[in-house]
Amino acid sequence: MAISEKLIGECRQKLLQSKQDILNRVKEARSNLDQNEEKGGDEGDQTARVLAEQEFLSMHERLRSQLMEIESALARIEGGSFGYCEETEEEIEPERLRAIPWTRLSIEGAEIRESMNKRYARG
């Protein structure tokens, strides 16, 4: 059974909304960081500024990674492979797609991948 067009449309909308939210968060965070960019100040001010920059970079990296997953999911929708597990090649559960529309793995596929990662992490 193929994934319904309705579910794909629902997921596309969620993906586009998530993408917009991420872009807005990055823009807002960058704006906040730029406002605190004044040079000088005592050692405490400088330390606070460095910590704010590190926090921004860390958040930026997480959001960039999530944005890449969203873009990849949108590409899979366009390519016709959206909703199929990379591990098992079976359909991903509709509830899982609704919750995490950028997922590449079914629950079973995620469990397989996790057990493989644990196995190779030990050596």
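Reader: What secondary structure does the protein have?
Author: The protein has 4 helices and 0 strands, in the order α-α-α-α along the sequence. Helices (H or I, at least four residues) and strands (E, at least two) are DSSP runs numbered from the N terminus. Residues are numbered from 1 along each chain as its sequence is written.

Reader: What is the mean pLDDT of the protein?
Author: The mean pLDDT, the predictor's confidence in each residue from 0 to 100, is 89, and 93% of the residues reach 70 or more. In this predicted model, local features need pLDDT of at least 70 and side-chain atom pairs count only at pLDDT 80 or more, while totals for chains, interfaces and linings use all residues.

Reader: And which elements have the lowest and the highest mean pLDDT?
Author: Among the elements, helix α4 (residues 107-122) has the lowest, at 88, and helix α3 (residues 94-99) the highest, at 96.

Reader: What is the radius of gyration?
Author: The protein has 20 Å, whereas a compact globule of 123 residues would have a value near 14 Å. The radius is taken over C-alpha atoms, and the globule rule is 2.2 Å times the number of residues to the power 0.38. The C-alpha atoms fill a box of roughly 65 × 40 × 20 Å along the principal axes.

Reader: Turning to the largest pocket, which residues lie nearest its centre?
Author: A29, N32, E55, F56 and M59 do, out of 10 lining residues. A pocket here is an open set of points on a 1 Å grid over the protein atoms alone where a 1.4 Å probe fits, with protein on both sides within 12 Å along at least five of seven lines; lining residues have an atom within 4 Å of a point.

Reader: Which helix gives the most to that lining?
Author: Helix α1 does, with 5 residues; α1 (5-35) and α2 (43-79) each supply at least two.

Reader: Which residues does UniProt list for the zinc finger region?
Author: The unreviewed UniProt entry lists residues 85-109 as "zinc finger region: dksA C4-type"; such annotations may be inferred rather than shown by experiment. The end C-alpha atoms of residues 85-109 lie 7 Å apart, and the span is 36% helix and 0% strand.

Reader: Is S106 buried or exposed?
Author: S106, in the loop between α3 and α4, is buried, with a relative accessible area of 3%. Buried means under 20% relative accessible area, with a 1.4 Å probe and protein chains only. The C-alpha atoms of S106 and E91 are separated by 7.2 Å, and these residues are 15 residues apart along the chain.

How values were computed. Heavy atoms only, no water. Buried < 20%, exposed > 50% of the residue type's maximum accessible area, 1.4 Å probe, protein only.
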